[in-house]
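These entries record what I looked up in one structure, taken topic by topic. I kept the charged pairs for the end.

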Amino acid sequence: MPLKRARLYDVLALCTAITAIVLDQWSKAQVVQNMTVGSEIPFPILGHYLVFNYIHNSGAAFGMLSGGKGSIVLAVLIAIAVLVVCYLYSRMLNTGSLAYKLVFGLILGGAFGNLIDRLVHSGYVVDFVSFRIPEINYYFAIFNVADACISVGVVLLFLMVLFGGFRQRHRYEDGGAGEIVTTEPVTKERAALNNTTLRSTKNDE
């Protein structure tokens, strides 16, 4: 890949991360200025299914680490995933595809968005998006824009790695089959040559 194109991809990834951070911080600032902690405002179209619910979250993404062993395990997995993304991106600096870099930028932007929130608010983040289906008593964890960026990015990264591995496997299998096909005529030619040599040897005797 040309170096100029690779650097352009790095710039686009940086722009993606900055956009995620700006949207996250702007949305949180709007909530803090216009709502009180614990208050709810229904979303105009979806009504009580999607609600702005302002809370302070001292746990991890989606309220994790606020209690329960399962939440702790998920928080550890997300933390490991973010570290892996940082490591992978450092290895593919000035190289790599645009899709991977945009996904990395999305994840890192979300991670830094929540980190800024914790530094500003002394340990907690502002969560305000609440999805629920009251008819079946279903209430999804309250989250923010940064949480959504991290989650979407991790899912996209998983799918890209998964399907990328399938493609490489199919290419390897197709390449192996091609090698077998191309070696069969050579084997027949050698067998014919060996038979001719044996016949000439017998005739000489």
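Entry 1, annotated spans. I examined residues 98-116 and found the span to be 100% helix and 0% strand, with its end C-alpha atoms 26 Å apart. I worked throughout on a predicted model. I then turned to residues 136-163, where the chain is 68% helix and 7% strand. The end C-alpha atoms of residues 136-163 lie 35 Å apart.

I asked which residues make up the largest nonpolar core. I list nine: Ala13, Val85, Tyr89, Met92, Val103, Phe104, Ile107, Leu108 and Leu157. Helix H2 (69-91) and helix H3 (98-120) each supply at least two residues of this core. I noted that H3 gives the most, namely four residues. Apart from this core I found another, of eight residues, including Met35, Leu50, Phe128 and Val129.

I located Asp117 in helix H3. Is Asp117 buried or exposed? Asp117 counts as buried, because its relative accessibility is 2% and the cut-off for buried is under 20%. I next looked up the contacts of Asp117, leaving out residues up to four places away in sequence. Asp117 touches Gln25, Lys28, Tyr124, Val125 and Val126.

Entry 4, salt bridges of Lys28. I counted four salt bridges in the model. I found the side chains of Lys28 and Asp24 meeting in a salt bridge, at 2.9 Å from N to O. Both residues lie in helix H1 (residues 3-34), four residues apart, which is about one turn of the helix. Lys28 also forms a salt bridge with Asp117, the closest N and O atoms being 3.3 Å apart. This second pair links distant parts of the chain, with Asp117 in helix H3 and Lys28 in helix H1, 89 residues apart. I recorded that Asp24, Lys28 and Asp117 are linked in a network of salt bridges.

Lys28 is buried, with a relative accessible area of 2%. Asp24 is buried, with a relative accessible area of 0%. Asp117, at 2% relative accessibility, counts as buried.

I asked how far apart the closest N and O atoms are in the salt bridge of Glu40 with Arg132. I noted 3.4 Å for them. This pair, too, links distant parts of the chain: Glu40 is in strand S1 (residues 40-43) and Arg132 is in strand S3 (residues 125-133), 92 residues apart. Glu40 is partly exposed, with a relative accessible area of 44%. Arg132, in contrast, is buried, with a relative accessible area of 10%.

Definitions and conventions: Residues numbered from 1 in each chain as written. Predicted model: local features only at pLDDT ≥ 70, side-chain atom pairs only at ≥ 80, totals over all residues. Heavy atoms only, no water. Core = buried A, V, L, I, M, F, W, Y, C linked by side-chain atoms within 4.5 Å. Buried < 20%, exposed > 50% of the residue type's maximum accessible area, 1.4 Å probe, protein only. Contact = heavy atoms within 4.5 Å.
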